Amino acid sequence: MIKQSIKMLNHWSRLSLFLILLLTGAPNGGECEGDEPANSPASSQPAFEGSRPGQLRDDNGLQMKLLWCPAGASTMGSPKDEPGRGADEDQVEVTLTRGFWIGKYEVTQKQWRETLRTEPWRNRKGVKSGPEYPATWVAWDDGQLFCEALTKLEHDAGRLPKEWEYRLPTEAQWEYASRAGAKARFQFGDDESELLEHAWVRGNSVEKKEAFAHPVGLKKPNAWGLCDVHGNALEWCRDWHAPKLAGGDDPEA
């Protein structure tokens, strides 16, 4: 299961937390067309929904790249014989009834500063500073504040339909987007020897005396284009951890 992989590979950076952003809302009717990023204002488009998995849009004030995740069903958790699984990862069937946009990369320090004018990572041990490094040392409440502030900015600018908002993904949405249809242990398959090409893990970070979150997007993406789903830093979800995974339609603990 991908969630457990993230826990296992990121235990050295458990306090360096960042956000993956979610755009979700009621459809306006119609679909976006074409493979190129949508660069026209949201108000001039017939809809804000995507039309295919991994479709890209970056028509927001931060030029944040967002990828479309269509509605669908998947299996959360991991099989009992999977190496490294936790006791709280029994498999459940999940259906997401609405599609959503999710950040291709972690929220960067540059994007965070432009939105909230703060630097929670400043003077923290084991942190590198730069525009493309992920925003770390972010509390869950800070993440909520960031989403609310960005939503307001985009609503006020007319780039985001009023029916849509930025928010943290639920655990079900995050795992669904991370897997991108994969059923293997990792988003790229079961071969752990390939991890170095897809993730920042102990072997290419801590053991190389680089025990810090690296700039976003330097490793291979998953099938839908989402980067850093393994390694680099831990992610906040909107709902809380529960001893048993919730299944069914649009689960949220």
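These legends describe close-up views of a predicted model.

**View 1. The second largest pocket and its lining.** The pocket has a volume of about 290 Å³. Its lining counts 19 residues. Nearest the centre lie Thr-75, Arg-179, Ala-182, Lys-183 and Ala-184. Strand S5 (72-76) and helix H4 (171-179) each supply at least two lining residues. S5 gives the most, with three. By class, the lining holds eight nonpolar, six polar and five charged residues.

**View 2. The tilted aromatic pair of Phe-100 and Tyr-176.** Six aromatic pairs turn up in a search of the whole structure. In this one, the ring centres are 6.5 Å apart and the planes stand at 50 degrees. The pair links distant parts of the chain, 76 residues apart. Phe-100 belongs to strand S7 (residues 100-103), Tyr-176 to helix H4. Both residues are buried. Phe-100 and Tyr-176 also form one aromatic cluster with Trp-224.

**View 3. The stacked aromatic pair of Trp-112 and Phe-146.** Centre to centre, the rings are 4.8 Å apart, with 10 degrees between the planes. Trp-112 lies in helix H2 (residues 109-116) and Phe-146 in helix H3 (residues 140-157), so the contact ties together parts 34 residues apart in sequence. Both Trp-112 and Phe-146 are buried.

**View 4. Charged side chains over the rings of Phe-48 and Phe-212.** Arg-57 lies over the face of Phe-48, 3.8 Å from the ring centre. Lys-128 places its charged end over the ring of Phe-212, at 5.1 Å from the centre.

Terms used: Residues numbered from 1 in each chain as written. Predicted model: local features only at pLDDT ≥ 70, side-chain atom pairs only at ≥ 80, totals over all residues. Heavy atoms only, no water. 1 Å grid on protein atoms, 1.4 Å probe; cavity = no way out; pocket = protein on both sides within 12 Å on 5 of 7 lines; lining within 4 Å. Points joined across faces, edges and corners; volume = space filled by probe spheres on them. Helix = DSSP H or I, 4+ residues; strand = E, 2+ residues; numbered from the N terminus. Nonpolar A, V, L, I, M, F, W, Y, C, P; charged D, E, K, R; others polar. Phe/Tyr/Trp six-rings, centres within 6.5 Å; stacked < 30°, edge-to-face > 60°. Buried < 20%, exposed > 50% of the residue type's maximum accessible area, 1.4 Å probe, protein only. Lys NZ or Arg CZ within 6 Å of the ring centre and 35° of its normal.
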